[in-house]
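Please open the structure in your viewer and keep the selection tool at hand. The stops below say what to select next and what is there.

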Amino acid sequence: MSARIFIDGEAGTTGLGIRDRLSARKDVTLVSIAAEDRKNPQAKKALMAGVDLVILCLPDEASKETAALVAEMGDKGPRLLDASTAHRVDPNWAFGFPEMAREQAAAIRTAPRVSNPGCYSTGAIAILRPLVEAGLIPADHPLTINAVSGYSGGGKQMIEAYDTGKAPNFEIYALGLEHKHVPEIVKYSGLTARPIFAPSVGNFRQGMLVSVPLHLDALASKAKAADIEAAWAAHYAGATYVKAVAAEAAGRIEPEALNDTNNLELRVFANETRRQAILMARLDNLGKGASGAAVQNLELMLGL
């Protein structure tokens, strides 16, 4: 018998991506709500009473409203997977990054409520958490995280601006230094010092690079590139989607190579003579950064 799934907000970029990934599967049945009932709480509760899992692809406040409806249903309510920012640092929600820690996949498998990570957060946490745990980067070390994403991560207005040629070819944003992904980066990387985060968007539809520059001699560990690679290799041993790979000798990298996959690659671009390094994560902002990660979590939650 297939699992019944309702994507609340299926018309958005992440919702469409999840639907596309699930549409050909025989082990799930997608359930939709009539357009006129999308904001009708009673109609939504009636629909959710007949499904196994609800995926929230909504703005934060709307996600909280649907989660509250499910809470009212008690034991008759479905499990929840939230793709918004609303519950990512809520201790009552499991954080949906299965490779983040040894026990994380098991926690996701049994949790009634799971919060899908942000795209930037996924890259930053993948880079940093193993190194903080290994003692190579102190939790209070002052860090800068730079990132560039394809414009599909910015929602309908940004997509339209780029598709119609109205947007700039490149733009750094969130220069008020209050980006919504920072709290989850701090919490799940194990940091105690808030990093500077500088995201940007380029004139390409999807793909992402997240980078962390380091002065290696400023670290108490005096780490070398090989130490960082070894910590990643140990942390992600056996992982299907997250891997440490060798940095390109040419010293350059583009963001789109992993598009339409759920993969994430980690690299160290280092100059040991100068004792400097740039730690790099590459992923698809719509894959491991959004819809792909949601499907991975869904499979864990439903045992598929």
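This is a predicted model: local features need pLDDT of at least 70, side-chain atom pairs count only at pLDDT 80 or more; totals for chains, interfaces and linings use all residues.

Residues are numbered from 1 along each chain as its sequence is written, and side-chain values use heavy atoms, with hydrogens and water left out.

**Helices α1 and α9**

Select residues 13–22, which form helix α1, and residues 287–302, which form helix α9; helices here are DSSP runs of H or I with at least four residues, strands are runs of E with at least two, and both are numbered from the N terminus. Two packed helices are described by the angle between their axes and the distance between the axes. The axes of α1 and α9 come within 9 Å and cross at roughly 50°, where axes are lines fitted to C-alpha atoms, for helices over the stretch in contact, and angles run from 0 to 180 degrees between N-to-C directions. The two helices, α1 and α9, are therefore oblique to each other (angles under 35 degrees count as roughly parallel, over 145 as roughly antiparallel, 65 to 115 as roughly perpendicular and the rest as oblique). If you now show side chains, the contact (heavy atoms within 4.5 Å) involves residues including T13, G17 and R21 of α1 and A290, V295 and L298 of α9.

**Helices α5 and α8**

Next, select residues 225–235, helix α8, together with α5, and you will find their axes 9 Å apart at an angle of about 100°. The helices α5 and α8 are therefore roughly perpendicular to each other. Here A126, I127, P130, L131 and E133 in α5 meet I228, A231, W232 and H235 in α8.

**Aromatic pairs**

How many aromatic pairs does a search of the whole structure find? The search finds 3, counting rings of Phe, Tyr and Trp (its six-membered ring) as paired if their centres lie within 6.5 Å, with planes under 30 degrees apart called stacked, over 60 edge-to-face and the rest tilted. Select F95 and Y188, whose ring centres are 3.8 Å apart and whose planes are at 10°, so the pair is stacked. F95 lies in strand β5 (residues 94–95) and Y188 in helix α7 (residues 182–189), so this pair ties together parts that are 93 residues apart in sequence. Both F95 and Y188 are buried (under 20% relative accessible area, with exposed meaning over 50% and partly exposed in between, for a 1.4 Å probe and protein chains only).

Move on to Y120 and F197, where the ring centres are 5.2 Å apart and the planes are at 70°, so the pair is edge-to-face. Y120 belongs to helix α5 (residues 119–133) and F197 to strand β9 (residues 196–202), 77 residues apart. Y120 counts as buried at 3% relative accessibility, and F197 is buried with a relative accessible area of 4%.

**S63 and its helix**

Finally, select S63, found in helix α3 (residues 60–72), which counts as buried at 0% relative accessibility. Leaving aside neighbours within four places in sequence, S63 is in contact with L56, L58, D82, S84, A86 and H87.
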